[in-house]
Amino acid sequence: MENKAITKIGVLTSGGDAPGMNSAVRAVVRSAFYYKLEVFGIYRGYEGLIQDDIKKLNSRDIAYILERGGTFLKSARSDEFRTPEGRKIAYENLKKHGIDALVVIGGDGSLTGAHLFYKEFGVPAIGLPGTIDNDLAGTDFTIGFDTACNTAIQAIDKIRDTATSHDRLFFVEVMGRDAGFIAINAGIGSAAAATLIPEKKMPIETLIERLKVREKAKKQANVVIVAEGGKSGGALEISQKVKKFLPNYDIKVTILGHLQRGGSPTSFDRLLSSKLGVAAVEGLLHGKYDVMAGLINNKVVYTPIKRAIVDDKDVDEEDFRVAKILST
Ligand code: ATP
């Protein structure tokens, strides 16, 4: 399939939704039109590709979507696409519509799917990092991460108001799967007393000690941020352990959950997704297949999908150090 000139591209959003996916799709569609290509929207990710939920897009379809959260193409998880039989059906559907190439917007799982599809059927595919978790290599930031951090920080500001009024200690759990990027960002940005992330295990004794010191110093230790994927458990488990040693604290737990996925994308996410949408189409036209387009030091970089999904991207040591200094 790969040597044919590209005239029709398909675009899909897959995995967990992320703010900025809509603006990425818009950028893909607009730049495709700029280069005189046809674009097909594949609804509900790989599931829609298998079910043939595919529709040719026009300019009206992408009007007023840049500023909207979620993804108008909808997203889904597809177990069938994980099987060779499922991917074969997906390929037949692509052929039926004459689609020459794919833009896949999603997290590491979605990009793994695009890589396999390219390997098995030679379908030129380019990935865009669409996940709030920021856990992909080959880009400084993923689409949706900045908005999710802003949402988390705004919510924590509100929690702090009530925490301060009642001298309570809140354990706030933020998303990020097994990556602590949202947590460390929210921890610094909301002056947390401590931030627990999966990448750096903090013994419970250290946390208790820190809270005791703050109690003695009459500092208001009112918010501890906990990343959801921590090995010692989430906010609930940690708070229960701490409670035994700090009986004087009135401890509460808030799990921010899915609200971190929603909302209008920030200016940063709009810019990032717009640049990467254009980069996806231009990359395909320049024969860059099986890669993910990302932004490193504000420059578009194409990284082989295989590397983008497996290279460890750790929370910046410097961010961790800053968070620690500012919470002691
Ligand atoms: P997020 O990081 O937000 O969870 P994600 O893209 O990692 O997003 P997944 O649920 O891991 O989300 O993957 C989305 C879809 O990609 C899966 O439902 C499946 O259809 C496809 N996929 C994931 N892993 C594979 C794989 N190993 N082989 C084929 N397809 C896969």
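How many residues surround the ligand, and which are the closest? In this predicted model, which takes local features at pLDDT of at least 70, side-chain atom pairs at pLDDT 80 or more, and totals for chains, interfaces and linings from all residues, 19 residues surround the ligand, the closest being R77, S78, D108, S110 and R177. Residues are numbered from 1 along each chain as its sequence is written, and side-chain values use heavy atoms, with hydrogens and water left out.

Helix α4 (residues 108-121) provides the largest share of the shell, six residues; helices are DSSP runs (H or I, at least four residues) numbered from the N terminus. By class, the shell holds three nonpolar, ten polar and six charged residues, with Gly counted as polar and Asp, Glu, Lys and Arg as charged.

| Residue | Protein atom | Distance to a ligand oxygen atom |
|---|---|---|
| G16 | backbone N or O | 3.2 Å |
| D108 | polar side-chain atom | 2.8 Å |
| G109 | polar backbone atom | 2.9 Å |

The protein covers 89% of the 620 Å² of accessible area that the ligand has on its own (Shrake-Rupley method, 1.4 Å probe).

The ligand sits in the largest pocket, meaning that more than half of its atoms lie within 2 Å of the pocket's grid points. A pocket is an open set of points on a 1 Å grid over the protein atoms alone, with protein on both sides within 12 Å along at least five of seven lines; lining residues have an atom within 4 Å of a point. This pocket contains about 750 Å³ of space. Its lining comprises 34 residues, of which G107, D108, G109, S110 and R177 are the closest to its centre.

Note on methods:
A residue is near a molecule or strand if one of its heavy atoms lies within 4 Å of it. A polar contact is a pair of N or O atoms within 3.5 Å; within protein, one must be able to donate a hydrogen and the other to accept it, and residues adjacent in sequence count only if both atoms are side-chain atoms. On a 1 Å grid over the protein atoms alone, a cavity is a set of points where a 1.4 Å probe fits but cannot get out, and a pocket is an open set with protein on both sides within 12 Å along at least five of seven lines; lining residues have an atom within 4 Å of a point. Helices (H or I, at least four residues) and strands (E, at least two) are DSSP runs, numbered from the N terminus. Grid points are joined across faces, edges and corners, and a volume is the space filled by probe spheres set on the points.
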